[in-house]
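Please look at the sequence and the model together before reading on.

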Amino acid sequence: MTPSAVAVLTAAGSGARLGLGYPKALAELAACTLVGHAASRLSASGEITQIVVTAPAEHHGAVSDALSATPGVTVPWRVVEGGPSRQASVAAGLAELARTMDAVAPYDVVLVHDAARPLASAALVSRVVAAVREGAGAVVPGLPVTDTIKSVAVSADGPERVTGTVDRSVLRAVQTPQGFAWDLLLRAHEAGADRAQDESTAATDDSSLVEALGEAVHVVPGEAAALKITTTYDLAVAGLLLAEAVAGTDAADTGSPVTSQPTTAVPTTGVPKTAVPTTGA
């Protein structure tokens, strides 16, 4: 059988800056949870054969209910308990995938994606998978940095002092999904396992673990729609992007089968509350 691509989808963000009492992945955008949007786009790519979602144990039931209620999630999925850091959560997802891998059809590509980037398109998913299969062991989507970036000397008792201006032409703002050759990502997580249990030392993305091995990480074009949802402002921007895509006024492909509803109800302040419970069923 042909080797397959699989995905770890992290859904453990607290949602504190959205004013939530439950994980950010359960916030709603156009009547669908963020985790539902993200999983549906992974499914819509036609590349992913299964998804493992990592979430806090007390929210397993709510995350499972959210995914079950999303018609666009058409590939097999399951929810597992995450860890004390994002790195530990991804490691738990990888361990679950390894436990269930079929020796006849092993995985060749694994994506790591964040539910906090719910509008990363199916086309972006396909682009990342294709780059890995073409020989890049580690691939991240990235956008050119448009702001002027300054390095500074941090001061505890006064204004920060500028120490230089960074050449932004060589900078990229990195997004997810990030894609990896299966064996390479397992090796990277194993080598960095001592960092995973402490949030202050854990890797903030998986490509940095690969970099630590001395392996190359490659960049493919990202997309504006793959923004990270952290604040109510981000949620409002995502709502506008989704509305434009539904109306056909934006060229970006959001790639979701669950975006047929207008998003005019998404406010510029406040957060639409999901109806799922704050604890697992």
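## A residue in a loop

In which loop is Ala202 found? In this model, which is predicted, Ala202 belongs to the loop that lies between helix H5 (182-191) and helix H6 (206-212). Ala202 has a relative accessible area of 10%, and because buried means under 20%, Ala202 is counted as buried.

Which residues does Ala202 contact, leaving aside its neighbours within four places in sequence? They are Ser85, Gln87, Arg195 and Ala196.

Val75 lies in the loop between H2 and strand E5 (77-81), and with a relative accessible area of 12% it is buried. Not counting residues up to four places away in sequence, Val75 touches Ser43, Ile48, Thr49, Gln50 and Ile51. For one of these, Ile51, the C-alpha atom is separated from that of Val75 by 7.3 Å, although the two residues are 24 residues apart along the chain.

Ser207, by contrast, is part of helix H6. Is Ser207 buried or exposed? Its relative accessibility is 4%, so Ser207 counts as buried. When its neighbours within four places in sequence are left aside, Ser207 is in contact with Val140, Gln178, Phe180 and Val217.

## Strand E6 and its partners

Strand E6 is mostly covered, since 7 of its 8 residues are buried. E1 and E6 run parallel and are joined by 7 bridges, and within this pairing Val8 stands opposite Val112 in E6.

E6 also pairs with strand E11 (residues 178-181), this time in the antiparallel sense and over 4 bridges. Here Val110 has Phe180 in E11 as its bridge partner, and Phe180 is also among the contacts of Ser207.

## Helix H4

How far apart are the end C-alpha atoms of helix H4 (residues 122-133)? They are 17 Å apart, which agrees with the 16 Å that its 12 residues should span at 1.5 Å a residue.

The buried residues of H4 are Ala122, Leu124, Val125, Val128, Val129, Ala131 and Val132. After the helix comes Gly135, which has a positive phi, near 120 degrees.

## The nonpolar cores

The largest nonpolar core has 49 residues, of which Leu9, Val35, Ile48, Ile51, Val53, Leu67 and Leu111 touch the most other members. At least two residues of this core come from each of strand E1 (4-10), helix H1 (34-44), strand E4 (48-55), helix H2 (60-68), strand E6 (107-114), H4 and helix H7 (232-247). Which of these elements gives the most to this core? H4 does, with 6 residues.

Note on methods: Residues numbered from 1 in each chain as written. Predicted model: local features only at pLDDT ≥ 70, side-chain atom pairs only at ≥ 80, totals over all residues. Heavy atoms only, no water. Buried < 20%, exposed > 50% of the residue type's maximum accessible area, 1.4 Å probe, protein only. Contact = heavy atoms within 4.5 Å. Expected span 1.5 Å × (residues − 1). Core = buried A, V, L, I, M, F, W, Y, C linked by side-chain atoms within 4.5 Å. Pairing = 2+ DSSP bridges.
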